Structure formats: C-alpha cells, structure tokens
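Hi everyone, thanks for making time this morning.

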Amino acid sequence: MRPEASPPPPTGPALRSAKLAARSHGLAQRDALPADVRAAGSAAIAAGIAGLASWRDARAVLLTLPFGSEWNTRPLLDAALAAGKLVALPRVNRETRMLDLFALRDPDGDIQPGFRGIPEPRLSCPAVATADIDWVLVPGVAFDALGARLGYGGGFYDRLLPLLAPGTPRIAGAFDVQVVDSVPTAGHDGLVDLIVTETRSLRCQAPPGRDGS
C-alpha cells in the first residue's frame, strides 16, 4: 500500500489565514510565559548566542531591542558594545517599506519608540550600509527546524535578508515555546541558519531549493 502524499502547502488566502492563526497562537504562547521564566530564559539565550564562534568573530552585528514579550536582547547588545563591535539597529522606513540601519553608541540615549512602538534608533544616529553587516539577529514569533520564520506580518526582514552579504550568519533567539513543528511560509520568506533557545541550539537545514534569500 502506497503512503498518502502530503498535502501541498497553502498559498494565497489560505497561506495568509494559516500565518495569521500561527502568529496568534505563537504570541499567546509567548505572552503566557511568566516574567521570571522569560527573564531566566532570556539570560540563557543571550549566553548561548554569546558563545557562538560566529558571534565572537563578527565585527558588525545587526540586533534588535525587545518588544512586548520578546526575550531580552539588551545584555547581548551591551556585550557587543563592550567588545568593540559595530552595533546596528533597524528603523522602519514607512515610505520605502524597508528597514534602514543605524549605528547605536548609547543604548539609553539613542533609542526611541518607533513603528508600532518597537524600540528604534534615532535618525541622528550614523547610518550603516547593509553590506557592512556580517552577523544578524533575526526576530520572529515562531520558527521551525527547517529555518522557516514567522514574523509580525510586515515582511521587513524578508526584504532585508537578501540584501546582506552572502554567507552572513542569520541567528534567531527564541524561547522553546516558539519552536514549532512547521511554520507556514511562502517561497520568498527568509530562513534562519540557527535557533538558540534557553535549552538548546538548533542548526537548521533548509529544504532543497530554499536558500532563504
């Protein structure tokens, strides 16, 4: 008896509906984590990322600051500045629907609430060219073992990632509850190389024909 073929992945309205449902579920799972669990998990994730060879070797890193119930990236940002790395943060350009990158030197003075309340660098910060970035922390709501990522629905990182230099490490930090069996994606959605949670590091293996760019 021949095994039944897997159903084709959703497309069009069905894909959008699947993403919406998965995003709502992922946010609810993350929001439900108690504050002390998030704090301990955040410390473990930051330590795991700081122990990566790719992090130690990076000279110019693209990071984010936490929004909502995201894990706390601030210790990682502080460590990068202390190590003398160039630290860039993204800022939403509402006209181009792209992310513009700016260098952060003073985390307390260079940040203001931006798009949707997300912490963003001030326009007075020095601009950073995408080509200068050699390591990127990719935020998201949910991830799977193939490196698929579910973001917040704006598509900003899906448009940014292909602009990075080939081979730039794409690292995701996430709580264990954010790693799921399968994330609904389209062919143009960007992938990550590695997911670091509070308990493990998951090296991702993209399916044939998907390089994440």
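Let's start with α1. At 1.5 Å a residue, its 20 residues should span 28 Å, and the C-alpha atoms at its ends are 28 Å apart, so expectation and model agree. Do keep in mind that this is a predicted model.

Which residues of α1 are buried? They are L15, K19, R23, G26 and R30. Looking down the axis of α1, you'll find these buried residues within an arc of 70°, so they line one face of the helix. The buried residues of α1 pack against α2 and β8. On the face turned away from that buried side, α1 carries the exposed residues P13 and L20.

The largest pocket has a volume of about 600 Å³. It is lined by 31 residues, and R149, Y152, G154, G155 and F156 are the closest to its centre. Our helix α1 returns here: among the elements giving two or more residues to this lining are α1, β2 and β8. The largest share, four residues, comes from α5. By class, the pocket lining has 15 nonpolar, six polar and ten charged residues.

And how many cavities of 30 Å³ or more are there? The count is one. Of its 13 lining residues, E70, W71, P139, G140 and G173 are the closest to the centre. Its lining divides into six nonpolar, five polar and two charged residues.

Notes:
Residues are numbered from 1 along each chain as its sequence is written. This is a predicted model: local features need pLDDT of at least 70, side-chain atom pairs count only at pLDDT 80 or more; totals for chains, interfaces and linings use all residues. Side-chain values use heavy atoms; hydrogens and water are left out. On a 1 Å grid over the protein atoms alone, a cavity is a set of points where a 1.4 Å probe fits but cannot get out, and a pocket is an open set with protein on both sides within 12 Å along at least five of seven lines; lining residues have an atom within 4 Å of a point. Grid points are joined across faces, edges and corners, and a volume is the space filled by probe spheres set on the points. Ala, Val, Leu, Ile, Met, Phe, Trp, Tyr, Cys and Pro count as nonpolar, Asp, Glu, Lys and Arg as charged, and the others, Gly among them, as polar. The expected span of a helix is 1.5 Å times one less than its number of residues. Buried means under 20% relative accessible area, exposed over 50%, partly exposed in between (1.4 Å probe, protein chains only). The arc is that of the directions from the helix axis to the C-beta atoms. Contact means heavy atoms within 4.5 Å.
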